[in-house]
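Visitor: I am new to this structure and would be grateful for a guided introduction. May I put some questions to you?

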Amino acid sequence: MKVAIIGGGMSGLLTAYRLARNCSVTVYEKQGKLGGLAGGVDDDDGTHGDKYNHCLCCADTEILRVIRELNLSHDLCWRVARQGIVQNNTVVPACRADDLLRFTSLSFTDKIRLAGFFLKNNLRGESGDLDNVPARDWVIQNCGEKVWEYFFEPSLKFKYSVPGNTISAAYLWARIHEKKHGKIAVFAHSSDGLIQGLRQAVEKDRGVFRLGTEVTGLKRQGNRWHVAGGEGETAYDCVVYTGPYSEAIALCPAIPAACPKTALPVEYLSVDCCVLRLDRPLKESYWLFMVLSKGRASRVVIDTAALCDNPLVYIPVYRPAGNKNPSQYELCLRESFEFCERINPQFKLDWVKKHYFFSDTQVEPVFSLNYVRSMRDDPEILPGLFIPELFRERSLLKTFNSAAIKSRIIAAKIQAKYAGNHSNRR
Ligand SMILES: Cc1cc2nc3c(=O)[nH]c(=O)nc-3n(C[C@H](O)[C@H](O)[C@H](O)COP(=O)(O)OP(=O)(O)OC[C@H]3O[C@@H](n4cnc5c(N)ncnc54)[C@H](O)[C@@H]3O)c2cc1C
């Protein structure tokens, strides 16, 4: 039973990990190294850093189980998550319900409505019919205009740079429902430990990694899939494609006809991220600051000094994919420095020991109206072809945990349908 996995990011690695024991697995990765969005940078001093900050919360049980299986739990750094919102250049904590009281832009009634809204949605188990309801209408109906304007609109603008009347309320529900409160964890030495742990487990089961090999074509002949990449074509019984759907169509033109429901154009976000390695924490230690500024997209800064004794500041900016600004590096850097100064007027440039800039396109699909409805309940697009991105999973968010859930379901289906019902301890 031969399985090709296209993509050596977290989804591809987790699928390979779950399948390698019972199948012959080959992972194709076009980059020279594994990790995809979860990858990072190796510094001259031997330290590793993530490109983008990754944290896990207690509800991420699926990925936490994999981390335990790999004996990597010691690599996680758990702390109470302190979140802050910058209001009038001051950081206001936004961790507990009573922190809302300090939020001066909202009236007492607004705060009560907002607290009730959070409570109600934490209890609501499914996004249900929210898919074709605009996020804006949903919030205004439940909490009023002010809460939308000061609380939700800036964060959606930060993420999507599009008006809230095109973003699905189902997405907002998923974010609220995702319990990031309480304790959260970051990897003490970057996600690289997890990436290498998965790689070693797959190699132990004789899985093969073809790094620096881009898959350029995918076609079905008879009962098998022919994967073109590197020096030719190889035939497999099953293929798992973990890249963006828009690129899957280019690789295999048969896909849209086979699943017209999902053949909608999918918009993507790209991300630019400035990472500053400081020689001290920024101000008060927060895991995440959200800055609300009228007329501008809000910004998020994640100061990991709140979690580890490693003063790394991540300043990610999401942009619509394809909106490439040639001077984006300088722009992002300048904005990031100005931003740090605004939050902490004592901030000096010489606090920055090193800075990095990372950029990726097609980072996350945009959860516009009816997006969720176009997703599938079954990950198998054509016989033997699996695309996790199109497969609807309860949390709706693209995270390590949802990658772990989807890979488990896909691996179970491949084992049951194509490899026979072998026992599988993963
Ligand atoms: C700023 C930011 C913050 C985030 N924070 C969190 C967080 O706190 N917690 C969390 O759980 N998640 C977080 N995420 C999301 C997390 O990074 C992603 O969900 C996860 O890394 C996605 O993995 P993936 O394998 O699905 O996709 P990717 O990482 O995109 O991997 C796809 C891989 O496929 C390869 N590929 C594509 N096409 C081909 C081809 N034709 N041939 C060969 N290879 C190919 C690509 O090179 C890539 O390596 C964050 C993401 C960002 C951008």
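The questions and answers below concern a predicted model.

Visitor: Between which domains does the ligand lie?
Guide: The shell around the ligand takes residues from two domains. One comprises 2–54 + 191–266 + 368–417, and the other comprises 183–187 + 268–365. Because both contribute, the ligand lies between domain 1 and domain 3.

Visitor: Which residues come nearest to the ligand?
Guide: There are 32 residues around the ligand. Elements giving two or more residues to this shell are helix H1 (10–19), strand S2 (24–29), strand S15 (268–278) and helix H11 (400–417). Those that come nearest are Gly-7, Gly-9, Gly-36, Gly-243 and Thr-399.

Visitor: How many residues of the shell around the ligand are charged?
Guide: By class, the shell has 14 nonpolar and 13 polar residues. The charged residues in the shell number five.

Visitor: At which residue of helix H5 does a kink lie?
Guide: Helix H5 covers residues 145–160, and a straight helix of 16 residues would span 22 Å. The end C-alpha atoms of H5 span only 20 Å. A kink of about 45 degrees is found in H5, shortly before the proline Pro-154, and its place is Phe-152.

Visitor: What covers the buried residues of H5?
Guide: The buried residues of H5 include Trp-148, Phe-151, Phe-152 and Pro-154. Among the elements that cover the buried residues of H5 are strands S15 and S18 (312–320). The cover also includes helices H3 (108–123), H4 (135–143) and H6 (169–177).

Visitor: Is Leu-396 buried or exposed?
Guide: Leu-396 sits in the loop between strand S21 (385–386) and helix H11. Its phi is positive, at about 70 degrees, although Leu-396 is not a glycine. Since 20 or more C-beta neighbours within 10 Å make a residue buried, and Leu-396 has 23 inside 10 Å, Leu-396 counts as buried.

Visitor: Is Asn-370 buried or exposed?
Guide: Asn-370 belongs to the loop between strand S19 (352–365) and strand S20 (380–382). Asn-370 is a residue other than glycine with a positive phi, near 65 degrees. Because 12 other C-beta atoms lie within 10 Å, Asn-370 is exposed.

Visitor: How far apart in space are Leu-369 and Asn-132, C-alpha to C-alpha?
Guide: Leu-369 is found in the loop between S19 and S20, and counts as partly exposed with 18 C-beta neighbours inside 10 Å. Leaving aside neighbours within four places in sequence, Leu-369 is in contact with Asn-132, Pro-134, Thr-166 and Ser-168. Leu-369 and Asn-132 are 237 residues apart in sequence, and their C-alpha to C-alpha distance is 4.8 Å.

Conventions: Residues are numbered from 1 along each chain as its sequence is written. This is a predicted model: local features need pLDDT of at least 70, side-chain atom pairs count only at pLDDT 80 or more; totals for chains, interfaces and linings use all residues. Helices (H or I, at least four residues) and strands (E, at least two) are DSSP runs, numbered from the N terminus. A residue is near a molecule or strand if its C-beta atom, placed from the backbone, lies within 6 Å of it. Ala, Val, Leu, Ile, Met, Phe, Trp, Tyr, Cys and Pro count as nonpolar, Asp, Glu, Lys and Arg as charged, and the others, Gly among them, as polar. Domain bounds come from an automatic or database domain assignment. The expected span of a helix is 1.5 Å times one less than its number of residues. The bend at a residue is the angle between axes fitted to the seven residues ending there and the seven starting there. Two residues are in contact if their C-beta atoms, placed from the backbone, lie within 7 Å.
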